[in-house]
Amino acid sequence: MHTAVVLAGGRSTRFGPRDKAVADLAGTPMIRRVADRLVSVVDALVVNCREDQVDAIDAALDGFPLPVRFAVDETPDEGPMAGIGRGLRAVEGEYAFVVACDMPFVDPGIVAFLFERVVDHDAAVPRLDDEWFQTTHAVYRADAMADACDAALARDDHKILAALFEVDYVVVDEPALRAHGSLDTFENVNTREELAAAEARLG
Ligand SMILES: Nc1nc2c(ncn2[C@@H]2O[C@H](COP(=O)(O)OP(=O)(O)OP(=O)(O)O)[C@@H](O)[C@H]2O)c(=O)[nH]1
Ligand SMILES: [Mg+2]
């Protein structure tokens, strides 16, 4: 049983007045594009967001073929790591792929490979040459990482790496990632300009 946890609890401040999670990207809400890319590699979807986002996201996911569950932030605006922990608590299986709602080119081949690499560990985290850990595009053992998130938050540390470094993680490097899919998987849409660029690529 593999789950995807889609993080959508941010305020999209660089994007503008509206929520990028449900922004139209070439005719499809962004979060729906992310979800649709994952149908072949997971069995269920968990969406982490604020209460005030639920109706719009639920509408965007209307007719999605897998079970969808919402994991609403108890306290909003605690940062993405709090969202990861909250989302992972709602996961039923052992492992979950955590992904930001603004990664519309997420590659199922790479996701499947991360699920392979995480076996016997608590996390499989991509890291490209000369870049930092892709913690919002990683597979986690749900209970271990949720515990690590709670522990970090309890000491008022909101950094994702503070939680990650508490668990047994493996780094998945660029050559391995390239062998399993397109690095476009990590592209994320933060601004209107990036939305236009993504739209252009989708033709
Ligand atoms: N639950 C929760 N998720 C968050 C929070 N902040 C960011 N996220 C999510 O983390 C992911 C990466 O964050 P960003 O790309 O910075 O998105 P954002 O914070 O909405 O956008 P900006 O306001 O422009 O930084 C996105 O999927 C966000 O929805 C938060 O405070 N709580
Ligand atoms: Mg942000």
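Is Val72 buried, exposed or partly exposed? I opened my notebook with that one, keeping in mind that this is a predicted model.

**Entry 1: Val72**
I counted 16 other C-beta atoms within 10 Å of Val72, so this residue is partly exposed; buried would have needed 20 or more. I found Val72 in strand S5, which covers residues 68–72. Setting aside residues up to four places away in sequence, I listed Cys49, Arg50, Glu51 and Val54 as what Val72 touches. I also checked Gly87, which sits 15 residues from Val72 along the chain, and got 8.0 Å between the two C-alpha atoms.

**Entry 2: strand S1**
Next I turned to S1, residues 2–7, and saw that 5 of its 6 residues are buried.

**Entry 3: Asp102**
My last stop was a residue that UniProt, in an unreviewed entry, marks with the feature "binding site": Asp102. I located Asp102 in the loop between S6 and helix H4 (108–117). Why does Asp102 count as buried? I found 27 C-beta neighbours inside 10 Å of Asp102, and that is why. Leaving out neighbours within four places in sequence, I wrote down Lys20, Met30, Asn188, Val189 and Asn190 as the contacts of Asp102.

Terms used: Residues are numbered from 1 along each chain as its sequence is written. Chains are lettered from A and ligands numbered from 1 in the order in which they are written. This is a predicted model: local features need pLDDT of at least 70, side-chain atom pairs count only at pLDDT 80 or more; totals for chains, interfaces and linings use all residues. A residue is buried if 20 or more other C-beta atoms lie within 10 Å of its own, exposed if 12 or fewer, and partly exposed in between; C-beta atoms are placed from the backbone. Helices (H or I, at least four residues) and strands (E, at least two) are DSSP runs, numbered from the N terminus. UniProt positions are given in the numbering used here, feature names are shortened, and annotations may be inferred rather than shown by experiment. Two residues are in contact if their C-beta atoms, placed from the backbone, lie within 7 Å.
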